[in-house]
Amino acid sequence: MIANGSWQERKFKPYNFDALGIIPECGHLHPLMKVRTEFRQIFLEMGFTEMPTNNFIESSFWNFDSLFQPQQHPARDQHDTFFLSDPAVATEFPMEYLKRVKMVHSVGGYGSQGYKYDWKIEEAQKNLLRTHTTAVSARMLYKLAQQEVFTPVKYFSIDRVFRNETLDATHLAEFHQIEGVVADYDLTLGDLMGVLQQFFTKLGITKLRYKPAFNPYTEPSMEIFSYHEGLKKWVEVGNSGVFRPEMLLPMGLPEGVCVIAWGLSLERPTMIKYGINNIRELVGHKVNLQMVYDSPVCRLAS
C-alpha cells in the first residue's frame, strides 16, 4: 500500500493515543505470600514490631543452649537438624552470657537445679540451619536485656526454618514459622490466653481450647486447638508458653520480667484456606503455576 501509493485514496480513522492497550501478563503473588501479608498486618495492628530474620544459619548456642535446651536433647541429633560442614563452627559469642548459660545448664542457678551434665562449648559452636525462629527471639531478648532501663516490647517474625523431616503430604524439610513474643513485668498465663484470643479472633478463629504440653524453654506450655467446622473436630493450630527463668535471667533481664510466646506454621492455614491437601502442591517443583495465577485474594477472617 505504501509502495504503490494506494494509501492516498483510502480513509483511515484517527489514531487514539489515549486508548488502553492489551494488558500484559504480569507476576502473581504465591498463596503463601498472600497469607503471610495478612498475618503480618494482624501483628502490626496489634502493635508488634517485626524482628530481623535474615540469618538462616545459626550456632547451636543461639538455637538450643540459650533456650535452656540440653545438649543431649533428641532435637539436636543429625536425624532432626541440618548441621553445616563449612563453616562448621561459630567463634563469636558474648562470653559473659555464655558462662552464665553454661552454669545454669551444668550446675543450676536462678532458683533452678539445672540439668546436671558436663556442658561442652564444642557442641554450642556447631553451625546449623535454624530449626525455629525462636533463636531470633533469643537474640532480640538478649539485646533487650543490655538496655540500661527495661522497656516492654512486642515482637513478631514470619520466616523460614529447616528440619530434617520425612517428606510426606503435610511435612517438608523447609517451612515457615510464625512467632509472637511479648515481654513485660508480671505477665501471666491469663495474659497469654487473652493475647491468643485476640490474635486468633483476627484470623477468624473464635473457638479455642488449650492443652498442657512440654517445651524445654517454656513452663507452663500449651498446645492451641481450634474447632474445624469442616472436619467437625478440634485440630491443633499452634503452640505457646511462658519462657522459663533459666532462659531469661542469664540474659540479664530484670527479675519479674516475664515473656509469653506462641508460634504456628504458615503452610497449614494456607492449605486450609485454599483447599490444598498435599503440601507439595503448595511448595516445591510440583507446584502448578496456574494455581498461583488463579488463587484469590486472601481474607483470613472470612
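Visitor: Which residue just after α1 takes a positive phi, and of about what value?
Guide: This is a predicted model. In it, the positive phi comes just after α1. The residue is glycine 47, and its phi is about 85°.

Visitor: How far apart are the end C-alpha atoms of helix α1?
Guide: Helix α1 covers residues 31-45, which is 15 residues. At 1.5 Å a residue, α1 should span 21 Å. The model agrees with that expectation, because the end C-alpha atoms of α1 are apart by 21 Å.

Visitor: Which residues of α1 are buried?
Guide: Buried here means under 20% relative accessible area. The cover over the buried residues of α1 includes the strands β4 (153-162), β5 (174-185) and β9 (257-265). It also includes the helices α6 (189-202), α8 (267-274) and α9 (289-294). The buried residues are Pro31, Leu32, Lys34, Val35, Phe39, Ile42 and Phe43.

Visitor: Are α1 and α8 roughly parallel or roughly perpendicular to each other?
Guide: Pro31, Leu32, Lys34, Val35 and Phe39 in α1 meet Glu267, Pro269, Thr270 and Tyr274 in α8. The two helices pack with their axes 10 Å apart, at an angle of about 110°. Angles of 65 to 115 degrees count as roughly perpendicular. The pair α1 and α8 is therefore roughly perpendicular.

Visitor: Is the crossing of α1 and α8 left-handed or right-handed?
Guide: The angle between α1 and α8 is about 110°. Their crossing is right-handed.

Visitor: Which residues have the most contacts inside the largest nonpolar core?
Guide: The largest nonpolar core has 37 residues. Apart from it lies another core, of 33 residues, including Ala90, Leu144, Met247 and Leu248. In the largest core, the residues with the most contacts are Phe39, Phe199, Phe200 and Trp262.

Visitor: What is phenylalanine 200 in contact with, leaving aside its neighbours within four places in sequence?
Guide: Phenylalanine 200 is among the residues with the most contacts inside the largest nonpolar core. Leaving aside neighbours within four places in sequence, its contacts are Ile205, Leu208, Ile224, Val237 and Leu264.

Visitor: Is asparagine 63 buried or exposed?
Guide: Asparagine 63 is found in helix α2 (residues 60-63). Beyond its neighbours within four places in sequence, asparagine 63 is in contact with Glu58, Leu128, Arg130, Thr131, His132 and Ala135. The cut-off for buried is under 20% relative accessible area. Asparagine 63 has 0%, so it is buried.

Visitor: How far apart in space are tyrosine 293 and glycine 241?
Guide: Tyrosine 293 has its place in helix α9. At 40% relative accessibility, tyrosine 293 counts as partly exposed. In sequence, tyrosine 293 and glycine 241 are 52 residues apart. In space, C-alpha to C-alpha, they are apart by 38 Å.

Terms used:
Residues numbered from 1 in each chain as written. Predicted model: local features only at pLDDT ≥ 70, side-chain atom pairs only at ≥ 80, totals over all residues. Heavy atoms only, no water. Helix = DSSP H or I, 4+ residues; strand = E, 2+ residues; numbered from the N terminus. Expected span 1.5 Å × (residues − 1). Buried < 20%, exposed > 50% of the residue type's maximum accessible area, 1.4 Å probe, protein only. Contact = heavy atoms within 4.5 Å. Core = buried A, V, L, I, M, F, W, Y, C linked by side-chain atoms within 4.5 Å. Axes fitted to C-alpha atoms, helices over the stretch in contact; angles between N-to-C directions. Parallel < 35°, antiparallel > 145°, perpendicular 65-115°, else oblique. Left-handed = near helix turned anticlockwise from the far one by under 90°.
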